[in-house]
Amino acid sequence: MGASILSDFGAEILIPVCAVIGIAFSLVQWVLVSKVKLSPGRESVNNGSGAKNGYSDYLIEEEEGLNDHSVVLKCAEIQSAISEGATSFLFTEYQYVGIFMVAFAILIFLFLGSVERFSSKSQPCTYDKSKICKPALATAAFSTISFLLGAITSVVSGFLGMKIATYANARTTLEARKGVGKAFITAFRSGAVMGFLLAANGLLVLYIAINLFKLYYGDDWSGLFEAITGYGLGGSSMALFGRVGGGIYTKAADVGADLVGKVERNIPEDDPRNPAVIADNVGDNVGDIAGMGSDLFGSYAESSCAALVVASISSFGINHELTPMLYPLIISSVGIIVCLITTLFATDFFEIKAVKEIEPSLKRQLIISTVLMTIGIGIVSWIALPSSFTIFNFGDQKAVKNWQLFLCVAVGLWAGLIIGFVTEYYTSNAYSPVQDVADSCRTGAATNVIFGLALGYKSCIIPIFAIAISIFVSFSFAAMYGIAVSALGMLSTIATGLAIDAYGPISDNAGGIAEMAGMSHRIRERTDALDAAGNTTAAIGKGFAIGSAALVSLALFGAFVSRAAISTVDVLTPKVFIGLLVGAMLPYWFSAMTMKSVGSAALKMVEEVRRQFNTIPGLMEGTTKPDYATCVKISTDASIKEMIPPGALVMLTPLVVGIFFGVESLSGVLAGSLVSGVQIAISASNTGGAWDNAKKYIEAGASPHAKSLGPKGSDPHKAAVIGDTIGDPLKDTSGPSLNILIKLMAV
């Protein structure tokens, strides 16, 4: 067998040190962002050193003849309105979620404790009768604790991300006055703050939890890591509510603001006269940042937990080899260091000078992090794993070499990159798919919708093959453990992925603030360019989330099948086949719920916005202010009320099926929902992203082709706006929440 090169002590130091470095790095980035002042006053910091980071540039305001003070004050005022809206919504949401959390924790405790009728004495283990395991009551208690830990970490990471984003949005707008590069760096840095905080926090909390639980469990590692699984469940169940609630919130406001503002009243996007505009900007933060943060954190926690559970009943766990046991965590800690180096490429090594350099720079981030991470995984697999070992594979142990495990992780990592690039090809307006969609707007909204749907369905092909290949490779090398670490490989560069992802909503908000503060069209052009790149990167982030969700849920499904001692699932037995059919239907049911919620909330929003335009005198002329608060309240109430049924559907289905129809039907349901959920999720988020960027393509008018399609307000542009509005709930509500559905069902 041979021991690993890295000692146990080394592993125990490496993980927390990397996590702390990640947290420190995010704080440094935050300090750099906060150097952009939101209080008026001429900027004359000129000590020669800050020239590169742009703290010593004079503003280019003189030529544009704007009064500097009023603009800065206005930006600060809008920013505080957005921040307050987002905070108050999250607090309301967390109150409801908190009640649910406690109820679900009690449920977990009762379910797990009732296995042995709440006995508090030790009993023989399920997988090996010769060993004595800790009592079921202990497992129940510890699982509940780790569930709450995961839930709290998830909520905190979402909340911190939202705080940072609302802190950075106005600063990005102000930096855009100095040039596109400065604004990009500000937005990207604040994205990095969130990415690193989340990756490092998730790792640190998990690591501390394992060490504390070890004090009680001692040598019973399989019991220990089974209790840790609650961590992933907590993370994802909070993410579900964050994603669904936030998604309904943001899209109700967005659809309401667009339909009345752009189509009926012909005022530009984010015009301050539009009553729903604050709610729309709040929604970007609540849905895209807080929701996305919790979502990726959930995937991350779950793939770690799935890998740990399988490892604990393999040779690592049986022989108590700590370093290889912690292999999943070591990968994540190396990932933090790799992402740190990658981030410096965007902010410090290369400077962005022109608009066209934005997207390539973000793509470079993905490539650099993947290449560096491949090297990192190679080193980790070499020093942290023995040269050969065995992995639990449906009842027997399978011999595996360390290079095979390296390939499992690497294949997940590269599959993630491929999914990212395919998504980018289908949703970025630099390539033909989106340009074709934009072109179809000549003949009205119907053709736009047809082309957009076709694009979404077509965009499933390559990602599905990528996921399929990585499943095949990793399963043939290392059984279910291979799939779990392959999912971890896809998420190992989570800090960079999140930084790129959070960058989108931040620059979107920056554009909104520029419009509301009445800045010149030149600044608005810059923020629009940042935002269009942000739309694509958001789609890439969703691609990652969906791909990793598919792998994670398969790994969890494997862990479930290994623990429930089913060696094969026979599709031809009626119970399993019925389960498959029902499971495949669930994502449709779930999407129907979320889409309908957005529709009904948007309806209320449209009526309210129309009411204000019709009844408030002087609103269209801009002499009186609209009543923003009512719109924020509509969105909040709708999303809180509507997020409960879809959540209940996901959480209760596995319990109901398992209790009434048995384990076999349940395995069918899980497989079915995984298979259809992935397809719908990919096509929904790509269709929505493509429609959005087709609209941006027409608005920007950068190429002769785009100019021929409109200025804003032309018929093709109106058709594009309708497409974008249909795509909104697809790409931001049902698409992204489906990947949580896939994962949660499996947990």
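Guide: We will go through confidence first, then some helices, then a few single residues.

Guide: Keep in mind that this is a predicted model.

Visitor: OK. What is the average pLDDT of the chain?

Guide: The chain averages a pLDDT of 83. A score of at least 70 is reached by 92% of the residues.

Visitor: Which elements have the lowest and the highest mean pLDDT?

Guide: Strand S1, residues 123-124, has the lowest, with a mean of 62. Helix H13, residues 445-458, has the highest, at 92.

Visitor: And where does pLDDT stay under 50?

Guide: Look at residues 42-65. The model has 42 contacts beyond four places in sequence for that stretch.

Visitor: Let's do helices. How do H4 and H6 pack?

Guide: Two numbers describe a packed pair of helices: the angle between the axes and the distance between them. Helix H4 covers residues 180-217, and helix H6 covers residues 277-312. Their angle is about 35°, and their axes are 11 Å apart.

Visitor: Is that crossing left-handed or right-handed?

Guide: The crossing of H4 and H6 is right-handed.

Visitor: Which residues meet there?

Guide: On the H4 side, they include Met194, Leu198, Gly202 and Leu206. On the H6 side, they include Ile289, Gly293, Phe297 and Tyr300. By class, this contact has 10 nonpolar residues, 3 polar ones and no charged ones.

Visitor: Some of those numbers go up in steps of four. Why would residues three or four places apart point the same way?

Guide: An α-helix has 3.6 residues a turn, so residues at that spacing point the same way.

Visitor: New topic. What span should H15 have, going by its residues?

Guide: Helix H15 runs over residues 494-516, which makes 23 residues. At 1.5 Å a residue, H15 should span 33 Å. The C-alpha atoms at its ends are 33 Å apart, so the two values agree.

Visitor: How many residues of H15 are buried?

Guide: The count is 21 of the 23, so H15 is largely enclosed by the rest of the structure. Just after H15 comes Gly518, with a positive phi of about 70°.

Visitor: Which residue has a positive phi although it is not a glycine?

Guide: Asn266 does, at about 60°. Asn266 sits in the loop between helix H5, residues 221-264, and H6.

Visitor: Is Asn266 buried or exposed?

Guide: Its relative accessibility is 52%, so Asn266 counts as exposed. The cut-off for exposed is over 50%.

Visitor: What about Gly247, buried or exposed?

Guide: Gly247 is in helix H5. Gly247 is buried, with a relative accessible area of 0%. Leaving out residues up to four places away in sequence, Gly247 touches Gly242, Gly287, Asp732 and Thr733.

Visitor: How far apart are Gly247 and Thr594?

Guide: In sequence, they are 347 residues apart. In space, the C-alpha to C-alpha distance is 8.6 Å.

Visitor: And Glu608? What is it in contact with?

Guide: Glu608 lies in helix H17, residues 574-615. Setting aside neighbours within four places in sequence, Glu608 is in contact with Thr630, Cys631 and Ile634. Glu608 is buried, at 10% relative accessible area.

Visitor: Back to the start of the chain. Where is Leu27?

Guide: Leu27 is in helix H1, residues 8-34. Its relative accessible area is 47%, so Leu27 is partly exposed. Leu27 and Ser190 are 163 residues apart along the chain, and their C-alpha atoms are separated by 10.0 Å.

Visitor: Last one. How does Ala141 count at 30% relative accessibility?

Guide: Ala141 counts as partly exposed. Its place is in helix H3, residues 136-175. The C-alpha atoms of Ala141 and Ile108 are separated by 8.9 Å. Along the chain, Ala141 and Ile108 are 33 residues apart.

Terms used. Residues numbered from 1 in each chain as written. Predicted model: local features only at pLDDT ≥ 70, side-chain atom pairs only at ≥ 80, totals over all residues. Heavy atoms only, no water. pLDDT = per-residue confidence, 0-100. Helix = DSSP H or I, 4+ residues; strand = E, 2+ residues; numbered from the N terminus. Contact = heavy atoms within 4.5 Å. Axes fitted to C-alpha atoms, helices over the stretch in contact; angles between N-to-C directions. Left-handed = near helix turned anticlockwise from the far one by under 90°. Nonpolar A, V, L, I, M, F, W, Y, C, P; charged D, E, K, R; others polar. Expected span 1.5 Å × (residues − 1). Buried < 20%, exposed > 50% of the residue type's maximum accessible area, 1.4 Å probe, protein only.
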